[in-house]
Amino acid sequence: MTDQVVTRFAPSPTGYLHIGGARTALFNWLFARGRSGRFLLRIEDTDRARSTREATQAILDGLDWLGLDHDGEAVSQAAGADRHAEVARRMLADGTAYKCFATPEEIDAFREAARAEGRSTLYRSPWRDADPATHPADAPFVIRLKAPREGTTVIADVVQGDVTIRNDQLDDMVLLRSDGTPVYMLAVVVDDHDMGVTHVIRGDDHLNNAARQMQIYRAMGWDVPVWAHIPLIHGPDGKKLSKRHGAVSLTEYRDMGYPAQAMRNYLARLGWSHGDQEVFTDEELRRLFSLEGINKAPARLDMKKLDSISGRHIAAMEDAALLHDLEAFLAATGRPPLGTEKRARLLAAMPHLKERAKTFPELLEKAHFALADRPVEPDEKAGRALDNVSRGILGELTPQVQSASWSRDALEDVATRFAEEKGMKFGQLAAPLRAALAGRAATPSVFDMMLVLGRAETVARLADAARAGEE
């Protein structure tokens, strides 16, 4: 086996990229990238009836958004059918597989009788040790693995520990169907061997498959990879994650406005831990991730924890990087792009927006003041702060704001003195100012908004609000 770590992600393109699949891909990516290894992508498209080009593209798009780059071209499993069949025929020639001429009707009859008599329904083919001279001429046959019937198969799993399966509980599985097409179980082993995969990191729903796949590795004299079967993700109720729990597609989380780096962090922590640390940079994840840190118990989806981690990532991001990701979110969700002026305003506003936003939609709502066009229409709550008296006060304040030195201290001094002269508390003045500048009741500081908007836009918005009371 090569010294270089090689992992793979091998999804079936029959639907969207499930959040559980995305976590599996992430674990494989982190393990390889943290060890200067290779991370490969194989599309397991052998189910021709259900595999679609659209689903394949959805997988590629999801991995791209999550930032999981793979080495080399994506491999199509279906394209390797001839190679898979070649291995089955090699096993046949070596005596580790055999031709089985049993018909589906004969197998069904055997199982019905076994059920009726309370016996095991595990099919034992009468053709396993048959003399080739007794093989019927020109009759269809499958190629079956000649599996050991005594002893045990031990799966040495890094996550689950040693898992022992009695060989008399395993059948002689079909490797090649009667039409010459290989089965999935054979294709996986051949592909993993040919791709040089050293570590198979996948969901624990594949754990029993490992015992059967190990028999193919041994029959071919190939190195068995390191197994790491990770527990599935459950919903908050402890049951297997499904649509009834909410979003299960990775794309849904992108469209809800979670940054990709926050999703990487959250998915990494979903079943893996490093002490009590919750928030990680990408560099930390690559350096610290280990198979030994994966928990045996199923992880539970926790949206509050995702919100918390996402908020901390947004707050820590560089303003320009945050703007870049925000614009990608707008494009991905079909929202109009930012113009040059709004883009500049949004970048200037970032320090005042990102501290408390958990998602991009929340950040955009807080940024409404920077993105709104004149005249700014107040929502219902903000509109209540703009009665005729408040509009008149804004009309008196506007010239003083216009002539102020454009700094936070100067603007704060003008507004505070004006409120005192009117016998008001500043909070009474702040509400109509927020409504005039942002059209919202909850906003960043009015002085921060003024500095972001600039003198001309600030004065124009205040004048708009004051004039509206005269109409």
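Colleague: Which residues line the largest cavity?
Modeller: This is a predicted model, to be clear. The lining of the largest cavity is L397, V401, L411, V414, A415, F447 and M450.
Colleague: What classes are those lining residues?
Modeller: Seven are nonpolar. The lining has no polar and no charged residues.
Colleague: Which helices supply at least two residues each?
Modeller: α16 (388-402), α17 (408-421) and α19 (446-453). The largest share, three residues, comes from α17.
Colleague: What volume does the largest cavity have?
Modeller: About 30 Å³.
Colleague: And how many cavities of 30 Å³ or more turn up in the whole structure?
Modeller: The search finds one.
Colleague: OK, switching to strands. Is β2 largely enclosed or open, and why?
Modeller: Strand β2 (residues 38-43) is largely enclosed by the rest of the structure, because five of its six residues are buried.
Colleague: How many bridges join β1 to β2?
Modeller: Four, and the two strands run parallel. β1 covers residues 6-9.
Colleague: Which helix lies on the path between β1 and β2?
Modeller: Helix α1 (residues 19-33). That β-α-β crossover is right-handed.
Colleague: What about β2 and β3, parallel or antiparallel?
Modeller: Parallel, over two bridges. β3 is residues 75-76. V75 in β3 is the bridge partner of R42.
Colleague: And which hand is the crossover from β2 to β3?
Modeller: Right-handed, with the chain passing through helix α2 (residues 53-66).

Definitions and conventions
Residues are numbered from 1 along each chain as its sequence is written. This is a predicted model: local features need pLDDT of at least 70, side-chain atom pairs count only at pLDDT 80 or more; totals for chains, interfaces and linings use all residues. Side-chain values use heavy atoms; hydrogens and water are left out. On a 1 Å grid over the protein atoms alone, a cavity is a set of points where a 1.4 Å probe fits but cannot get out, and a pocket is an open set with protein on both sides within 12 Å along at least five of seven lines; lining residues have an atom within 4 Å of a point. Grid points are joined across faces, edges and corners, and a volume is the space filled by probe spheres set on the points. Ala, Val, Leu, Ile, Met, Phe, Trp, Tyr, Cys and Pro count as nonpolar, Asp, Glu, Lys and Arg as charged, and the others, Gly among them, as polar. Buried means under 20% relative accessible area, exposed over 50%, partly exposed in between (1.4 Å probe, protein chains only). Two strands pair if DSSP finds at least two bridges between them. A crossover is right-handed if, with the strands pointing away from the viewer, the path from the first strand over the helix to the second runs clockwise.
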